[in-house]
Amino acid sequence: MTTINIGMAVVLAVLYSVGFYLLMQRSLMRILIGIVVLGHGANLLLQLAGGPPARAPVLGTAPPAEFADPLPQALALTAIVITFALTTYLLALGYRSWVLTGHDEVQDDLEDRRIALSERPDGAMEEDTEGADEDTEDPGSAAASNEPAEIATGGPDASSEVSR
Amino acid sequence: MSTLVTLPVLLPILGAALSVIFVRQATLQRLIGIVVLVAVCVVAAVLLVAADRTGPVVVELGGWPAPVGIVLVADRLSALLLLISTVVTLAVLVYAIDQRISDYGRDTASTTFHPIFLLLSTGVSLAYLTGDLFSLFVAFEIMLAASYVLITRRTNAERIRSGMTYVIISLTSSLLFLTTIALVYASTGTVNLADLAGRVAALPPGLRTLLSMLTIVTFGIKAAMVPLHFWLPDSYPNAPAPVTALFAGLLTKVGIYALLRTQTLIFPGDGPSAVLLVLAVLTMVVGALGALAQNDLNRLLSFLLVSHIGFMLFGLAVDDARGAAGTALYIVHHITVQATLFLVSGLITRRTGTVSIDQMGGLARRSPVLAVLFAVPALTLAGIPPTSGFVAKLALLQAGAAGTVGTVVVAGFVVLASLLTLWAVVRVWIRVFWGADKEPLPDDDPHDELVIGTSKTSAPMYVASAALVAVSIAIAAAAGPLSAVTERAGADLIARVPYLEAVLG
């Protein structure tokens with residue numbers, strides 16, 4: 001079993017918490033950076049899984065015990081390539097969202113809003129903190145309006161209705 | 001024989017490359033896709049027979065022996081799921097090709113659709129066959145990266161939101177998977193599944209539970225297990241019908257397969273797992289109730305998909321040979337029927353111009369073929385005898401009844417969720433196929449990818465859907481031999497010995 005030194009453990013904790021914190025933001029740019037930071041955290045953890053840092057690479061001559069384990073390095077390389085490619089894709093998607101909607105915020109879920117609206121006819125959206133699972137337990141919502149265009153989403157994100 | 005195992009991965013990825021090369025020859029591109037998938041079907045069938053007769057077929061990539069190198073393993077479960085997945089992929093491809101022909105004309109080639117479609121198939125095959133935890137991650141990434149492209153093709157303002165949700169959630173679960181792999185490697189020093197089976201057993205119980213729970217969360221997100229299911233009903237319904245059908249049929253089931261493989265091979269429990277039983281009940285009930293609340297046909301089907309993930313979790317939670325066999329049989333049945341329903345939903349939408357159940361009506365008179373194509377898979381999903389759904393549910397119920405008090409109680413929820421499913425599909429039937437005739441709505445956005453509100457539908461689209469209906473009827477007709485195979489597969493999974501011996505020698 002591989003152990004980890006306290007400094008690296010702290011670095012990992014910071015990377016993971018910053019990553020998850022950024023993931024929960026509304027701006028797609030921040031979410032993207034969150035994914036990048038989280039990816040760094042995961043790759044660093046993968047590196048450390050091979051043993052403590054600063055051991056010799058598998059190259060040249062040295063006793064086998066002094067070599068660094070090459071497998072986690074290979075795994076981390078693969079993972080870096082994959083996260084890199086997907087980050088690029090996400091960036092393109094964010095750009096597309098900006099082109100189509102004029103901003104890069106995560107848009108409101110219309111279905112969720114519609115259910116909230118049918119619960120509160122006055123449209124008091126500010127108190128709406130219910131999760132998306134509420135729509136799974138509310139048969140009454142089936143009778144709600146089917147016209148997304150007529151819903152005033154209110155709140156800070158009213159511009160999500162803006163189409164191209 | 002053993003080199004055959006590489007073909008289900010190699011053929012689609014080479015086919016994808018060829019489709020990029022022949023990007024201007026539309027007919028050739030279509031032919032490549034179909035030929036490749038037919039070939040993979042044949043290989044999968046051969047592998048299934050071989051695995052069933054002589055035990056798992058193993059190939060060591062690059063000639064490196066097992067714990068060091070990467071192995072591909074086709075045991076009964078992998079080969080069976082590979083076969084049924086490829087059959088469904090093939091039917092969906094035929095449907096998609098004909099939808100594209102009738103919408104854009106025969107000469108319109110696609111720069112992305114065919115290559116990406118085959119890449120998705122590569123990822124699915126690799127996920128089923130790999131005997132290595134990190135290759136499983138790579139397989140998931142191939143599959144998911146392809147699915148990101150398919151779900152965000154030709155985005156409009158509405159579709160980009162659901163696409164973003166899907167991509168971000170999947171990426172998060174992939175990073176969690178990477179974290180799991182790192183922790184597994186740090187604690188055992190291997191990523192080979194068969195090698196892990198022995199080494200994880202030697203770990204302290206606390207650490208073992210932590211790793212087991214991490215895999216449940218990781219694959220639970222991919223399989224849309226409640227409470228990790230939010231993304232699914234939000235993102236799937238917005239994609240074009242063939243894409244949704246493919247995702248609904250395969251992607252979540254690959255998650256369930258990964259869960260089944262890792263839980264039985266690496267983290268075998270002693271007796272039913274309480275955590276998984278509770279999750280199975282939640283998934284079944286929340287999904288079914290969610291479906292009852294929906295007015296959008298595709299969202300309704302997505303919630304039913306979530307609900308039926310719970311059935312498969314239940315078989316896994318029972319944690320004996322019968323439970324594993326029930327889950328395997330249920331996956332086979334569910335891949336077919338869920339994909340069929342989404343394809344038929346695509347046909348319905350094309351005809352009526354809407355996904356809103358309120359605005360449909362009297363479709364049975366106007367299109368009796370559509371009514372039959374919907375009724376058979378819908379009843380199959382609900383598990384009415386003598387359909388394949390009934391056979392699969394019976395296997396699960398028998399597994400539950402033979403277990404502890406907990407599993408018997410959860411078996412009751414299986415019956416309840418089946419009834420709720422029946423209620424949901426009967427409601428759709430009454431409102432969409434019976435009742436007053438309603439005129440098709442015109443296409444509100446004629447320039448997007450969805451051509452709706454038209455009766456102009458080419459016959460092969462019906463044929464592809466009907467072929468899948470026929471496959472699910474064939475599953476019911478061949479229930480005897482098929483459940484014999486899944487029972488042997490379930491026994492293998494729990495015994496672990498055939499897999500371990502085949503891989504480690």
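## The annotated domain of chain B

Residues 131-414 of chain B are 80% helix and 0% strand, with end C-alpha atoms 32 Å apart; helices (H or I, at least four residues) and strands (E, at least two) are DSSP runs numbered from the N terminus. UniProt, in an unreviewed entry, annotates this span as "domain: NADH:quinone oxidoreductase/Mrp antiporter transmembrane". UniProt positions follow the numbering used here, feature names are shortened, and annotations may be inferred rather than shown by experiment.

A word on the ground rules: this is a predicted model, where local features need pLDDT of at least 70 and side-chain atom pairs count only at pLDDT 80 or more, while totals for chains, interfaces and linings use all residues. Residues are numbered from 1 along each chain as its sequence is written, chains are lettered from A and ligands numbered from 1 in the order in which they are written, and side-chain values use heavy atoms, leaving out hydrogens and water.

## A buried arginine

Let's look at B:Arg261, which lies in helix H10 (residues 241-265) of chain B. B:Arg261 is buried, with a relative accessible area of 5% (buried means under 20%, exposed over 50%, partly exposed in between; 1.4 Å probe, protein chains only).

Setting aside neighbours within four places in sequence, B:Arg261 is in contact (heavy atoms within 4.5 Å) with B:Asp75, B:Leu77, B:Ser78, B:Leu193, B:Ile266, B:Leu493 and B:Tyr499.

## Chain A

For chain A, the unreviewed UniProt entry lists residues 6-24, 31-50 and 70-92 under "transmembrane region". Residues 31-50 of chain A are 90% helix and 0% strand, and their end C-alpha atoms lie 29 Å apart. Residues 70-92 of chain A are 100% helix and 0% strand, with end C-alpha atoms 34 Å apart.

## Where the chains meet

Here 47 residues of chain B are in contact with 49 residues of chain A. The two chains bury about 4,000 Å² between them, 73% of it on carbon and sulfur atoms; buried area is the accessible area (1.4 Å probe) that two parts lose on being put together, summed over both. On the chain B side, B:Arg161, B:Leu175 and B:Tyr185 lose the most area to chain A, together 15% of what that side buries.

Between chain B and chain A there are 0 salt bridges (a side-chain nitrogen of Lys or Arg within 4 Å of a carboxyl oxygen of Asp or Glu). Helices H5 (133-152), H6 (157-188), H11 (274-292) and H12 (297-318) of chain B each supply at least two residues of the side touching chain A. The largest share of that side, 17 residues, comes from H6(B).
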